[in-house]
Amino acid sequence: MEFRELISTRRSVRKYAGAAGHDALAAILQEAQRAPSWKNQQTSRCYVVETPETLEDFRAAVLPSFNRNSSAGAALVVTTYVKGNVGFSDDGTPVNEIGNGWGAYDLGLHDAYLVLAAKNAGYDTLIMGIRDADAIRERLSIPENEEIMSVIAVGKAAEEPGPRPRKAPEEVTRFF
Ligand SMILES: Cc1cc2nc3c(=O)[nH]c(=O)nc-3n(C[C@H](O)[C@H](O)[C@H](O)COP(=O)(O)O)c2cc1C
C-alpha cells in the first residue's frame with residue numbers, strides 16, 4: 001500500500017471477523033522491529049497470544065468488558081519494554097530527566113510501526129492501554145524488569161470506521 005494511503009486509512013478497529021494467523025503476525029512483528037530505538041538498544045518486547053484456546057480465556061482475564069468486546073476474534077500482542085536500560089548510562093544513572101520514559105518512547109515507535117505494518121499486510125489493529133498489567137504478567141510470566149504497556153488486537157476488520165477527528169495543526173504545532 002502506498003505510504004500516504006496507509007497512514008490516512010489506518011483506524012482503531014473495534015469489531016473483528018478473524019485473527020491474524022501465525023505467519024502474518026510473525027512478519028508484522030519483524031517489520032515492527034525496524035523502528036528506531038535509543039542507541040539501537042531494542043528493548044521492546046512482544047508476547048503473542050494467538051491460539052483460540054488461550055485467547056478467549058486471556059482476553060477475559062486481562063481486559064475490561066469494553067476492550068474484551070472490541071477485540072473479540074482478534075489475536076492479541078502484549079508489548080513491553082525492558083526497564084533501566086534505554087535512557088540510562090552504564091552506571092545506571094538516568095541520562096536526563098526522562099529516565100525510563102525513553103523506553104516507553106521507543107516502544108511507542110515500535111508499536112506505531114506494528115500497526116502500520118499490520119495495515120499494510122491487510123490487518124487492522126486496536127491499541128489498548130486499559131488492561132490489567134498484573135494479570136498479564138502472571139499469565140505470560142513476564143519478568144518484573146519489563147514494563148507492560150499495551151495489548152494490541154490484530155485481525156481482519158468487520159467494520160470500516162471513518163476517520164476520527166484530529167486537532168487543527170496550528171493548535172498542536174508551532175514553527176519558529
Ligand atoms: C496508548 C493508547 C492507548 C489506547 N487505549 C485504548 C483502549 O484501551 N481502548 C480503546 O478502545 N481504544 C484505545 N486506544 C485507541 C484510541 O482511542 C484511538 O487511537 C483514537 O481514538 C484515535 O482513533 P484512530 O486510531 O482510529 O485514529 C488507545 C490508543 C493509544 C495510542
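Predicted model: local features only at pLDDT ≥ 70, side-chain atom pairs only at ≥ 80, totals over all residues.
Residues are numbered from 1 along each chain as its sequence is written.

**Helix α2 against helix α5**
- The axes of α2 (residues 22–32) and α5 (residues 101–120) come within 8 Å and cross at roughly 140°. Axes are lines fitted to C-alpha atoms, for helices over the stretch in contact, and angles run from 0 to 180 degrees between N-to-C directions.
- The crossing of α2 past α5 is right-handed (the near helix is turned clockwise from the far one by less than a right angle).
- From α2, the contact takes Ile28, Leu29, Glu31 and Ala32; from α5, His110, Tyr113, Leu114, Ala117 and Ala118. Contact here requires C-beta atoms, placed from the backbone, within 7 Å.
- This contact has 7 nonpolar, 1 polar and 1 charged residues. Ala, Val, Leu, Ile, Met, Phe, Trp, Tyr, Cys and Pro count as nonpolar, Asp, Glu, Lys and Arg as charged, and the others, Gly among them, as polar.

**Helix α3 against helix α6**
- Helix α3 (residues 52–62) packs on helix α6 (residues 133–140) at about 145°, with axes 8 Å apart.
- Phe58, Ala61 and Val62 of α3 meet Ala135, Ile136 and Arg139 of α6.
- By class, the α3–α6 contact has 5 nonpolar, no polar and 1 charged residues.

**Around the ligand**
- The residues around the ligand include Arg11, Arg14, Asn67, Met128 and Arg164 (C-beta atom, placed from the backbone, within 6 Å).
- Strand β4 gives the most to this shell, with 3 residues.
- The shell has 4 nonpolar, 5 polar and 3 charged residues.

**Overall fold**
- The chain has 7 helices and 5 strands. These are DSSP runs (helices H or I, at least four residues; strands E, at least two), numbered from the N terminus.
- Their order from the N terminus is α-β-α-β-α-α-β-α-β-α-β-α.
- The C-alpha trace spans about 50 × 45 × 30 Å along its principal axes.

Note on methods: Contact = placed C-beta atoms within 7 Å.
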